[in-house]
Amino acid sequence: MKRRFSLAALSFVILAGACGSSGSAAKQPTVIASVLVNGQLPHFDQPQTLKVLTHDSFAVTQSVLDEFEAATNVKVELIPSGDAVAMTNSAILTAGNPVADVIFGFDENLLGSVLENNLLQAYRPDRLKTVEPDYVIDASGMATPIDHGDVCVNFDRGAFAKAGTSIPTTFDGLGQPAVKSDLVVEDPSTSTPGLAFMLATIAKFGGGNDTSEDASWLTYWKQLKANGVSVVDSWETAYYGSFSGGSGKGDRPLVVSYASSPPAEVADTSLPVDQAPTGVITDTCYRQTEFAGILRGAANSQAAAAFIEFMLGNSFQADVPGQMYVYPVVKGTTLTDTFAKYTAPVASPLTLPYADVSANRDRWIAQWSALFR
Amino acid sequence: MTTPFLSLNHVSARHGKSETYALRDVSFEISRGEVVGVLGSSGSGKTTLLRVIAGLHAVSEGTVVLNGEDLTTTPTHQRSVGLMFQEHALFPHLNVFDNVAFGLRMAKIPKSDRSIRVDEALELVGLTGFGTRDVSSLSGGERQRVALARTIAPSPSLLLLDEPMGSLDRVLRDRLVPELRELINRLDLTAVYVTHDRAEAFELADRIAVLSEGKVIQFDTPSALDAYPATDHVAQLLGHG
Amino acid sequence: MVSTLPLNQTSPPVSSRRNSWWRLLAAAPPLVFLAVFFAWPVGAILLRGLHSGGTWNVGVFGDVFTDPTMRRVLWFTAWESVASTGLCVLVAIPGAALFARYRFRGKRLLWSALLVPFVLPTVVVAVSMLGIIGGGGLTGINLNGTVWAILIAHVFFNYAVVVRTVGSTWSTIDPRLEESARALGAPPWRVFAEVTWPLIRSAVAAASSIVFLFSFTSFGIVLILGGISHRTLEVEIYDQTAKFLHLDLAAVLALVQLVVVVLILVWFGRSQRRRSVLFDQRSASETEHLAETPRQRWFVRSNLAFMALLLGTPLFVLVVRSFATPDGWGFGFYRSLADSRGGSTSFVPPIDAIGNSLLFASIATVIALVLGLCAAWAIVGDGSVDSDSRFARWTDTALMIPLGTSAVTVGFGFLIVFDEPPLNLRSSLWLIPIAHAIVALPFVVRLLVPALRSIDPRVREAAATLGASPRRVWWSVDVPIVGRALAAAAGFAFAVSLGEFGATAFLIRPDRPTMPIAIYRALGRPGVYNFGQAMAMSTLLMVLTVVVILLIDRFRPAGVSEF
């Protein structure tokens with residue numbers, strides 16, 4: 001009786017699988033013409049629905065989103081799908097027959113796989129010309145930059161004041177005995193800021209082509225390891241579990257977080273900047289740009305294009321810092337008071353070409369893991 | 001008069017930590033070889049009395065002395081008393097042989113002797129050859145006999161029986177009670193037998209203690225009880241009027 | 001009442017052909033459900049990994065088994081889960097004894113509250129535990145990153161499963177069995193070893209299999225508390241799937257996981273059956289008593305102290321933090337749950353999250369109950385000897401397998417199979433209650449099966465000989481008896497759904513976050529208010545859970561059920 005059952009189930013699976021694969025022939029990509037009308041968002045006569053695939057950290061003020069819906073007659077449905085990596089991989093898995101029209105939130109570390117897997121169709125937004133040219137990384141014009149953030153080491157001002165020691169200002173300072181067992185970082189294989197910090201060390205110390213365990217960036221990590229660095233799985237664990245400046249009351253005064261984290265710790269906005277509870281070591285910052293694109297096979301590419309333009313519009317760009325703790329990419333966007341006051345502009349953050357990252361990331365993680373596991 | 005084999009001296013016992021008493025100031029003595037029936041309606045404290053003797057219920061005041069030894073604080077397993085419940089409480093995961101052998105194993109009787117003594121015990125209760133049977137396959141009467149065999153196999157110095165016939169039907173009971181009496185006589189056992197059934201008590205016991213509300217209100221031979229019930233309650237329990 | 005576990009049963013075989021036909025029909029819905037929503041997606045994602053470009057990637061197997069890192073992961077996963085299970089059983093047995101044998105104030109409430117850790121989201125508890133054993137915390141002990149932290153957390157999460165499963169079986173054992181053993185000269189430890197243990201062993205096996213599955217597939221705890229050097233198979237599968245998209249490697253690992261889980265389930269199932277013993281069951285009120293001697297009182301007190309330490313401290317830290325606002329103690333975080341914080345789309349008004357949670361939990365409960373009842377009935381059959389067939393055992397095992405499968409495997413599997421009409425469910429709201437129902441199903445079945453088995457087969461046979469059709473027998477005999485168990489199962493399924501995080505997190509979903517998701521999201525952002533809101537919302541989830549479980553326990557049939 002049992003055997004018959006499993007056979008039936010199996011044949012069902014095979015049949016259904018066959019139907020599934022034969023039906024999903026990829027739709028032809030089309031080049032989408034500009035959708036703006038006199039520089040304004042288009043209004044669709046028929047009500048439309050637009051699905052937006054995002055990472056879990058995506059946020060926008062509801063009234064800002066309402067503006068878009070009212071202007072265009074497009075109803076937006078958000079589909080949060082894990083962190084940026086999981087979101088991107090789920091999009092790769094469904095390439096050509098996507099669950100959404102727009103994907104938002106992959107960074108330059110993921111850009112390589114997005115392009116290799118032919119996830120997107122080309123759309124060159126009109127409003128791209130308002131974007132700071134530094135952020136326009138994808139020459140093919142498929143991935144549109146929307147915001148940028150910097151991953152930096154944050155410090156707990158109070159802890160250093162109490163200990164009477166000075167706050168380190170450089171990478172080398174993090175390896176000094178004065179801050180022994182003070183730093184907590186995230187595992188680059190499981191955490192986006194963790195990966196960014198590892199890339200920062202590669203950008204800073206070089207040796208990215210060295211496959212040996214003596215690569216110069218790894219030598220720096222050996223120094224950190226000897227100095228008692230703690231590695232945890234995720235930003236949440238690091239920031240709330242280990243960092244003494246966060247609300248979770250950990251015991252380490254240095255953490256890999258974002259340049260934009262300090263404003264969130266400020267409860268009293270009359271506080272002078274140099275007295276904010278936490279601050280950023282700007283020399284350690286690594287640039288992260290987040291992109292959006294129209295998914296190949298999107299059901300509603302017109303509305304998708306309108307949404308990309310909207311994300312480069314003033315109201316969305318100005319909303320980005322307060323909602324996602326990142327910076328706008330459009331020139332001249334004004335920042336909110338708290339945000340502008342408590343974040344230091346990162347003048348020259350570290351970067352690596354995305355093609356290098358894409359080609360070497362897995363090997364770098366493996367090299368790093370060999371040292372730490 | 002010989003020295004008493006079991007004596008309870010002013011024993012009181014509470015219900016748990018509460019202030020109400022299950023037994024109040026109970027005192028009596030039993031001689032070796034005597035069979036004492038404890039008669040009382042439900043809630044009279046007769047089961048508690050048995051549990052106190054077995055060490056399963058804590059004594060709040062008074063002492064329990066068995067064979068000259070004060071057992072008041074001795075744990076049950078060191079008292080060497082045999083205890084048999086109404087429901088027989090046979091170990092469901094063991095067969096008949098292993099049930100009967102349980103006490104012998106605890107007493108560290110060597111394996112060869114053990115099997116001889118189990119066979120003897122089973123023979124005494126008329127269940128020769130039942131050793132490998134599963135206890136769930138036994139009838140009510142058979143279960144009762146296995147429980148009895150299990151209780152007497154380790155040769156306890158005192159047998160405590162809590163309504164051992166309680167779960168059996170009348171016909172079976174009428175057959176088993178004389179058998180039990182004969183067995184007790186043959187092995188010369190000292191026994192305390194709790195029941196609410198007058199006939200059973202009269203047939204088995206040398207003397208009968210009548211319990212009411214935790215107190216012994218009369219303790220005498222069956223014929224004396226019958227002739228001179230101390231109170232109306234005793235008379236009622238004995239089925240008079 | 002005599003439980004009719006299928007051992008030593010001697011009732012005559014009845015119309016087995018018709019019987020099996022009905023059972024097949026009853027088994028069909030749950031098995032088809034499982035085939036469509038579990039076997040198919042998992043099979044498809046495995047196939048995608050192992051078969052690409054028209055060839056089978058057999059070589060990956062060799063790569064996995066010869067790679068020292070992978071071998072270390074396999075070895076660690078194996079011993080960590082065995083150790084967690086053993087430790088959990090060891091420390092939970094006294095707790096089970098406490099609930100089985102003693103009456104004390106607050107017993108009912110505690111019995112219900114025990115389940116709170118089991119349904120709380122991992123990340124919340126883990127962060128709270130870091131505050132205790134993470135160094136610099138309450139105790140000053142630093143176990144962070146050690147295997148001890150993992151083991152303690154596994155015990156924390158699974159303690160209730162063992163205590164409640166074993167405790168309710170234990171409470172049906174007549175204490176006179178133990179007293180008889182004592183009178184026969186057995187010291188306390190031998191009473192336990194020779195009498196109690198053989199009778200609770202099958203319940204211990206049932207609970208152990210659940211604890212093992214949860215420890216074996218542990219994800220969040222290992223990541224957060226285990227540091228980076230401790231990795232389980234589940235973590236590796238997640239990374240290979242969601243992070244690296246190495247579907248071939250992930251498929252091999254998922255297959256290994258599947259094989260181990262099935263082997264373990266079969267082994268547990270066998271030992272459970274071999275060791276199950278038919279015994280007269282007592283109701284719990286008959287078998288419990290007040291602590292009388294000083295020794296008993298010490299036992300009760302030390303047990304309660306242990307529970308307070310193990311379960312209470314992390315929860316206490318959590319609740320305390322939910323009231324510790326920057327402006328001092330107060331309801332600030334709770335009040336802030338109501339304001340819209342600039343109207344962000346990522347902000348979930350807790351009332352919405354609660355609403356979503358309740359909605360999904362209700363649907364999941366209905367699905368799980370309908371399918372669970374079918375499955376339980378198919379497993380029990382008519383309760384006669386031939387009911388204990390291979391078929392019943394395999395159905396039971398099949399229902400448990402999803403508990404031991406990586407959520408990301410299923411989640412990514414969903415993505416590639418439900419992408420065409422009529423089953424274009426990828427972004428359907430239905431997937432969430434369906435996923436929850438899959439998780440709840442084994443619990444529901446384990447509550448219903450003992451209840452169905454408690455029905456004396458002779459009653460059914462009597463009804464059948466009186467000319468009742470199998471359907472009539474079922475309706476007039478089984479349904480009323482099972483009603484209470486059904487109510488208890490409903491509550492449990494509800495609680496499981498309320499707390500479910502893993503599967504929900506990996507599903508592509510339109511934005512209807514449940515409470516655990518909302519908590520996780522608040523924790524994903526910096527700032528004192530985000531953290532405080534996560535703590536406040538966790539406290540609300542705890543309260544909601546206790547209320548639901550209290551209601552379940554009110555309906556619980558005395559003594560016959562597990563969990």
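1. How far apart are the mean positions of the positive and negative charges of chain A? The 24 positive and 38 negative charges of chain A have mean positions 7 Å apart. Lys and Arg count as positive and Asp and Glu as negative, while His and the chain ends are not counted; each charge is placed at NZ of Lys, CZ of Arg, CG of Asp or CD of Glu.

2. This is a predicted model, in which local features need pLDDT of at least 70 and side-chain atom pairs count only at pLDDT 80 or more, while totals for chains, interfaces and linings use all residues. Residues are numbered from 1 along each chain as its sequence is written, and chains are lettered from A in the order in which they are written.

3. Chain A holds 14 helices and 10 strands, taken as DSSP runs (helices H or I, at least four residues; strands E, at least two) numbered from the N terminus. Its C-alpha atoms fill a box of roughly 65 × 60 × 40 Å along the principal axes.

4. In chain A, 59% of the 373 residues count as buried, meaning under 20% relative accessible area with a 1.4 Å probe, protein chains only. Of the contacts in chain A with a separation of 6 or more, 78% join residues 24 or more positions apart; a contact means heavy atoms within 4.5 Å.

5. In chain B, strands E9 (residues 207-212) and E10 (residues 215-220) pair in the antiparallel sense over 5 bridges; pairing requires at least two DSSP bridges. Ile208(B) has Asp220(B) as its bridge partner in E10(B). The two strands form a hairpin with 2 residues between them, and Glu213(B) in the turn has a positive phi of about 45°.

Note on methods: Heavy atoms only, no water. Buried < 20%, exposed > 50% of the residue type's maximum accessible area, 1.4 Å probe, protein only.
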